[in-house]
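Look at the second chain first, then at its contact with its partner. The text below goes from the whole chain to one residue, and then to the interface.

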Amino acid sequence: MTSTQAQRGATSDTTAIRAVIQVVQLHKRYGDFTAVDHIDLEVGDDEIFGILGPNGAGKTTTLEMIEGLREPDGGMIEVNGIDAIREPNRVKHLIGVQLQTTSLFDHLTVRELIALFAALYDADTSSERIDQLLALVSLEEKSDARANQLSGGQQQRLSIALALVNDPEIVFLDEPTTGLDPQARRNLWDVISGLRAAGKTIVLTTHYMEEAEVLCDRVAIMDTGRIIACDTPLRLIQSLEQEATIRARVARGLDLDQFRELPGVIDAEIAEDQLSIRTHDVQTSLTALLALATEIDLRLDNLATTNANLEDVFLNLTGRSLRE
Amino acid sequence: MKPLLHMILANYRMTVRNRMALFWNLAFPMIFIVLFGFLFSTDFEVDIGIAGADTNATSEEIAGQLETISAFDVATGTADGELQALEDGNRSVVIVFEPGEQPEQVAAQVYYDESNPQQSQIALSAVQQFLDQINLDALDGPRTVTVTTAPVSTNDLRYIDFLVPGILAMSIMNSGLIGLASAFVTYREKGILRRIKATPFPLSQFIVARIASQLTIALAQAVVLIGLAKLLFDLRIDGNLINVFIMVIIGSTAFLSLGFVISSFAKNQEAADALANAFAFPMLFLAGVFFPVDSAPAWLQPITRAMPLRYLADAMRDLMVRGATLPDEWFNILIMVVTATVGLLLSLRLFKWEASTA
């Protein structure tokens, strides 16, 4: 992880990145519903670019328009200099795609599925190549299992292997870890980091802020069809000028203002019995909070502080929580 | 070529490994053939025992006539011997001739086995019909037994010969309509079609691969079913088998394309199965698979004529057991080709890559 962190620091300082994907004023409507609302995007070479947002934000629609699966109502998409709207088939050869939900053909083994998809791209179907792909996603032991016998995490790894059969320069992963347990999620993060190390550009969508923070070099935060922020996770968090959130369980019916007036506090709120205070100076605010608690004889249960994260960025930008 | 060949190969693998589909495609029609073949083969070979055939000229004439009918297996012997054979279950009916009131007349006593009512009923009615015909002729003419008219309307076509081409047509329809419709709807429901769309592999080739594998399976069906019927029941094959196989391909294409139409309409697999069965089920009974529909009531005729399966069953039967050639079947073939073309055009217009989210 340390090398990943260092690399991320480096890219975040480089502003002149070569754009392999360029999206300008892309939009898509379904009847009265605007799924994607005139967005601009630029994805650089060899980066992991994340699109973070709640369900229904337009992440998948955006991805599928770039992949050539959906026709945009307007705008421009360029992938490696190719007009993806006019020539989707040329783009399909360059990219690898993992869709949000794909169950695969029953009755075929993992090995057969990889060989089949490789053949569909007219790519290398030799058993050495398939072994290599299996190793890349750690599915060697499952090579003769049927796809429907795999666990959720193994299925996701298989669909990543299928996204790599044509040795693409750019890989699209649509919510690759949704529905996985924490262990399987971490395994998958390692696989994805490995891909970047192998020189691939990765565009992924997620609604897990932790995933975006750990994995992505740059993150576009998307909500109701619009991109509301786009930068490195670090800069997005720094832009908040918020250091942390102090949380505690308290008695109901307290006056909020007494917390808002504490030094260093940006804002405070109480949901049921859960007090959360956002602060740009944990030490000052926490000291003052404890003093106040002693003064008014307030019991603070499960007192904890959390460093500011992308969740807070989203909350700050939209006034809503990412999980809603 | 490589992508297409791989896709075809993958389709074969999936079909062979799909036990459910294998059952419907092969075991199901095989069961029909074996079951109906054994059930009805005995009925159509009526064992007749005749005693006292030499009573006079009339009885000799009748016995001679009976022997010429291929559906009857005639044995002659003494009355006691034949009745014993009937009791042992070796005869369906026994006819005992005795001298009649006039020299040229005979009295025929017909014995049958009460414990085997179905079989003896058929034998009895066949013999009855035969004897009635003789008596009827006797009323008209001056002489009693110049019975040269065609006695009973038993066709030389045995039931099994009628059945097998029908079963073949039925299984072509089933795997085309039901097999293809539910496969494609499942692919769409599971997002497999979208996953294919994300690759450079064109839709048309995906469909071609599916059709190619289904056609091969239809041919395998034909070989197995015809082979089975030949082996077990000595199926009569008068036509050229190459023509039969060509007709299998033409018929399959027609029903595959109807399956495509259904897959475009159905929202999920259950709906596809229900819709396909709603089409297939009436055709099973009204298109002449199990029994001839030529003699069906007049009001039913337009309905059976609206069923594509009828034309396929007719063509298969003509080509297999009636010695017809493909040009003879131009009308049935035309119907199949029209069905295939209309179906394919319709389904390409209606094709959807993904299940509607609405």
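Helices (H or I, at least four residues) and strands (E, at least two) are DSSP runs, numbered from the N terminus. By that rule chain B holds 13 helices and 4 strands. This is a predicted model: local features need pLDDT of at least 70, side-chain atom pairs count only at pLDDT 80 or more, and totals for chains, interfaces and linings use all residues. Residues are numbered from 1 along each chain as its sequence is written, chains are lettered from A and ligands numbered from 1 in the order in which they are written, and side-chain values use heavy atoms, with hydrogens and water left out.

Chain B has 358 residues, and 48% of them count as buried (under 20% relative accessible area, with exposed over 50% and partly exposed in between; 1.4 Å probe, protein chains only). Contact means heavy atoms within 4.5 Å. Of the contacts in chain B with a separation of 6 or more, 75% join residues 24 or more positions apart.

Now take one residue. Asn11(B) sits in helix α1 of chain B, residues 2-17. Is Asn11(B) buried or exposed? Asn11(B) is buried, at a relative accessible area of 3%. Neighbours within four places in sequence aside, Asn11(B) touches Tyr187(B), Ala209(B), Arg210(B) and Ser213(B).

Next comes the interface. Chain B brings 23 residues to the contact and chain A brings 31. About 2,600 Å² is buried between the two chains, 59% of it from carbon and sulfur atoms. Buried area here is the accessible area (1.4 Å probe) that two parts lose on being put together, summed over both. Arg17(B), Arg195(B) and Pro200(B) supply 28% of what chain B buries against chain A, more than any other three residues.

There are 4 salt bridges between chain B and chain A (a side-chain nitrogen of Lys or Arg within 4 Å of a carboxyl oxygen of Asp or Glu). Arg17(B) forms a salt bridge with Glu112(A), with the closest N and O atoms 2.7 Å apart. On the side of chain B that touches chain A, the elements giving two or more residues are α1 and α7 (192-197) of chain B. α1(B) gives the most, with 8 residues.
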